[in-house]
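Take a look at the fold below. Keep it in view as you read.

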Amino acid sequence: MAPDRTDAATSCGCKGIRRCLMCEKFKRKGQLEPSGPKVVHRFLYNPETRLALCKDAKAAAFPFPGVFLWENFISEEEEKALISTMDQDVWNQSQSGRRKQDFGPKVNFKKRKVRVGGFSGLPALSQKLVLRLQQEPSLAGFQPVEQCNLDYHPQRGSAIDPHLDDSWLWGERLVTINMLSNTTLTMSLEQGLPELGLGEEVHVAVHLPRRSLVVLYGEARHRWKHAIHREDVRERRVCSTYRELSAEFLPGGQQAELGAQLLNIALSFQGTPI
């Protein structure tokens, strides 16, 4: 069994403005205070109608494209096996109270450089999951080249700040399996939706049930930032996010040869965490 670093009280991976409970308790980093009152229009995503519904009924619902939710994507037995296998490997400290395991190439996003590094493929247990998700029409042709496992725990104050995933290396669809507990994915648009009379920041809460799969694509992938807030991590939560290659690394793209090499390694499903 690999060492479990969950209770390393004074150890964390936060840098810069990032915060977790360990920073705030042991490193004397104060929790960032908001600069002033902030107006936020809050909506709730309905996966059946694919509408964002206003929580206080003060604004009209609007279509929210780019989210696909697959409940009970994995069984209880599969979840247990996945978590057991992950916990046998080392969890590395990451930002904002998270721990992580990476299965992917070595990437410098600022310099736009990517190399194989120690990448040996996606983990073996992901093979049947990838075959299963490819049966969904919206995921036809999805070939993951990277898998990132993240571990969240309320005792560490785990969260992930609003962000957009890279689109130079990573392709159109982001696929995540949510395990061990329910949580909420918060989609945000700082500039609001003036065309709907919403001039201030807009949040859309997407509830993620335990063992569900969520896909972000289109506007939800490229326009709306996504986050997991600290208050939405009430129990241990583990997720696996799969990313595909962008057009630049696919046949016909400038780096197609490198892309093919990375995919061959990824889809060997013989990987160990980097």
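The paragraphs below go from a sheet to one residue and then to the cores.

This is a predicted model, in which local features need pLDDT of at least 70 and side-chain atom pairs pLDDT 80 or more, while totals for chains, interfaces and linings use all residues. Residues are numbered from 1 along each chain as its sequence is written, and side-chain values use heavy atoms, without hydrogens and water.

Strands are DSSP runs of E with at least two residues, helices are runs of H or I with at least four, and both are numbered from the N terminus. Two strands pair if DSSP finds at least two bridges between them. Strand 1 (residues 40-46) and strand 2 (residues 51-54) run antiparallel, joined by four bridges. Phe43 has Cys54 in strand 2 as its bridge partner.

Now find Ser240 in strand 16 (residues 237-245). Ser240 counts as buried because its relative accessibility is 2%; buried means under 20% relative accessible area, with a 1.4 Å probe and protein chains only. Its side chain makes a polar contact of 2.7 Å with that of Asn149. Such a contact pairs N or O atoms within 3.5 Å, one able to donate a hydrogen and the other to accept it; residues adjacent in sequence count only if both atoms are side-chain atoms.

Which residues touch the most other members of the largest nonpolar core? They are Val175, Ile177, Met179, Leu213 and Tyr242, out of 36 residues. Such a core joins buried Ala, Val, Leu, Ile, Met, Phe, Trp, Tyr and Cys residues through side-chain atoms within 4.5 Å. Helix 5 gives the most, with five residues. A second, separate core of 29 residues includes Phe62 and Leu189.

Conventions. Buried means under 20% relative accessible area, exposed over 50%, partly exposed in between (1.4 Å probe, protein chains only).
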